[in-house]
Amino acid sequence: MENFSVFDIVGPRMTGPSSSHTAGAVRIAYIARRLIGEEIAHVHFTLYGSFAETGRGHGTDKALIGGILGFATDDERIRNAYEYAKEQGVQVEFTFSDEPAEHPNTVKIEATDVNNRMTEVIGRSVGGGNILITEINELDVELSGDYPTLIVRHTDEPGVIAEVSHVLAQLNINIAFMRVFRHGRGKDAYMCIETDTPVTREMQGIILHLCKGITELFAV
């Protein structure tokens, strides 16, 4: 028999009627916010499948706004997310698409920060508040958000992965899982490193200083 946790049975702590359409949506947008790393000026959400069909009724739109503003899944402010976005000067747009998607609860987030840099994230809400980030800036990835995660954008060249792994070991950070995704040999690549403990900002600075070939680094 497959093992399940209490979380799988009762679902996450959340505001809203649906773990998949509300809590999952918050988590996807929250991770996108962490990836962006700067204050957001404008965000465009494109909803697909069930998200598009029933998202308004389940509060998926408010959940996504709440997540992109940095709210947790159980934050009561999600109910008034549109008002909070307006107060913070974040312009919000939605497209409810009828185009087919590989998963019924899919959203594409296109966010522009205050420095006019655009970040694109595609994610799925897979049930019980669980999610999967499948694409970052047109690069296929697999990111669940279940562990503290370090995302390292780098040039695909020999030695970068080994250097980052070595520095993490020196910082006493244990790697639980690591996946590497790339556009091609010598091109843009991402390391998604799930760790047992969070990688602090100070640690991130050490990694950036000691490891060559890194162009960006995020912790989520």
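1. Start with helix α4, which spans residues 60-68 in this predicted model. This helix is mostly covered, with eight of its nine residues buried. Look for Thr60, Asp61, Ala63, Leu64, Ile65, Gly66, Gly67 and Ile68, as these are the buried ones. After α4 comes Gly70, and its phi is positive, near 95°.

2. Now step back to helix α3, residues 49-58. Here you will find Ser50, Phe51, Ala52 and Gly55 buried. Gly59 follows α3, and this glycine also has a positive phi, near 75°.

3. Next, have a look at the strands β8 (residues 175-182) and β9 (residues 188-195). They run antiparallel to each other and pair over seven bridges. To find your place in the pairing, pick Arg179, which sits opposite Cys192 of β9. Five residues lie between the strands of this hairpin, and Gly186 has a positive phi there, near 75°.

4. Finally, turn to Gln204 in helix α7, which covers residues 201-210. Is Gln204 buried or exposed? Its relative accessible area is 13%, and buried means under 20%, so Gln204 counts as buried. A polar atom of the Gln204 side chain lies 3.0 Å from the backbone oxygen of Val199. Which residues does Gln204 contact, leaving aside its neighbours within four places in sequence? They are Leu150, Val199, Leu217 and Ala219.

Key. Residues are numbered from 1 along each chain as its sequence is written. This is a predicted model: local features need pLDDT of at least 70, side-chain atom pairs count only at pLDDT 80 or more; totals for chains, interfaces and linings use all residues. Side-chain values use heavy atoms; hydrogens and water are left out. Buried means under 20% relative accessible area, exposed over 50%, partly exposed in between (1.4 Å probe, protein chains only). Helices (H or I, at least four residues) and strands (E, at least two) are DSSP runs, numbered from the N terminus. Two strands pair if DSSP finds at least two bridges between them. A polar contact is a pair of N or O atoms within 3.5 Å; within protein, one must be able to donate a hydrogen and the other to accept it, and residues adjacent in sequence count only if both atoms are side-chain atoms. Contact means heavy atoms within 4.5 Å.
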